[in-house]
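Here is a short briefing to read alongside the sequence and the model.

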Amino acid sequence: MNARSRNRQGFVAGSLIGTLGGLIGLGGAEFRLPVLIGVFRLGTLEAVILNKAMSLVVVTAALLFRGVTIAPAALGDHLDVMLNLLAGSLAGAWCAAGQAVTLPRRWLDRIILVLLIGLSLLMLLETRAGLHEAGTPLLEPGPLRLVTGVFAGFAIGVVAALLGVAGGELLIPVIVLLYGLDIRLAGSLSLMVSLPTMMVGFARYTRAEAFSVLRQEMPLMGSMVLGSILGAAVGALLLGRVPTDWLTGLLGIVLLVSALRMFPHAR
């Protein structure tokens, strides 16, 4: 495959993933990872690092776009939620990225396979359990909710670092269920938690030899990022016109199949 054709495929893949992710309120990084490994034949750690770099750009753009509909003042009213989750997610991302750099590739493949399967099952569960419906918070404000938020943030930071994702597929349900907030507000808060969390994980990955993938695959990264941002904008325009319940379930199945096909040797 020549470079032009490869970059064209990257743009198309990024656009499709960005559109589907935008329709269900995600950045789509969990779907980019199987594409980077399965289609573009990148090594596991290289794919995670490239995915992380693209996620940083896409999340920054998404946060700017959402600033039009969600006022900064509304986010400021819930600064305590962001800080609660950040206290755990920053530590989780730092620890997980450090371990990923030193892990044997076979073990890294196995861990990523388990995480992708877990995310796919969560997406399937969301279609049945209504995990995105706001209401009464699971825990009232106090020490117990504070500790629970830190532990939840830590786990999300680990997943975000190991997969190179923003973590919105985990953060949004946690914010809605644990704190009882509206899903639109939860989406913006999740981006505000994701951005510093990804930056910490990304900084940790700079010590890996695989970090050179950013220089080697800069054209592919640029085309996929451009496609992802364009797709996210299209997904936002189509929001509400496509039933998200069945779409989330369908994408959960796609992610499950992709994960199993991506790492046949890790099963």
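A residue is called buried at under 20% relative accessible area, exposed at over 50%, and partly exposed in between, with a 1.4 Å probe and protein chains only. By that rule, buried residues make up 51% of the 267 residues in the chain. This is a predicted model, in which local features need pLDDT of at least 70, side-chain atom pairs count only at pLDDT 80 or more, and totals for chains, interfaces and linings use all residues. Residues are numbered from 1 along each chain as its sequence is written, and side-chain values use heavy atoms, leaving out hydrogens and water.

**Fold**
- The chain has 12 helices and 0 strands, where helices are DSSP runs of H or I with at least four residues and strands are E runs of at least two, numbered from the N terminus.
- Of the contacts (heavy atoms within 4.5 Å) with a separation of 6 or more, 84% are between residues 24 or more positions apart.

**Second largest pocket**
- A pocket is an open set of points on a 1 Å grid over the protein atoms alone, where a 1.4 Å probe fits, with protein on both sides within 12 Å along at least five of seven lines; lining residues have an atom within 4 Å of a point.
- The second largest pocket holds about 280 Å³ of space, a volume filled by probe spheres set on the points, which are joined across faces, edges and corners.
- Its lining has 15 residues, and Phe31, Pro34, Val35, Val254 and Ser258 are the closest to the centre.
- Two or more lining residues come from each of α1 (3–24), α2 (29–38) and α12 (244–262), with α12 giving the most, 6 residues.
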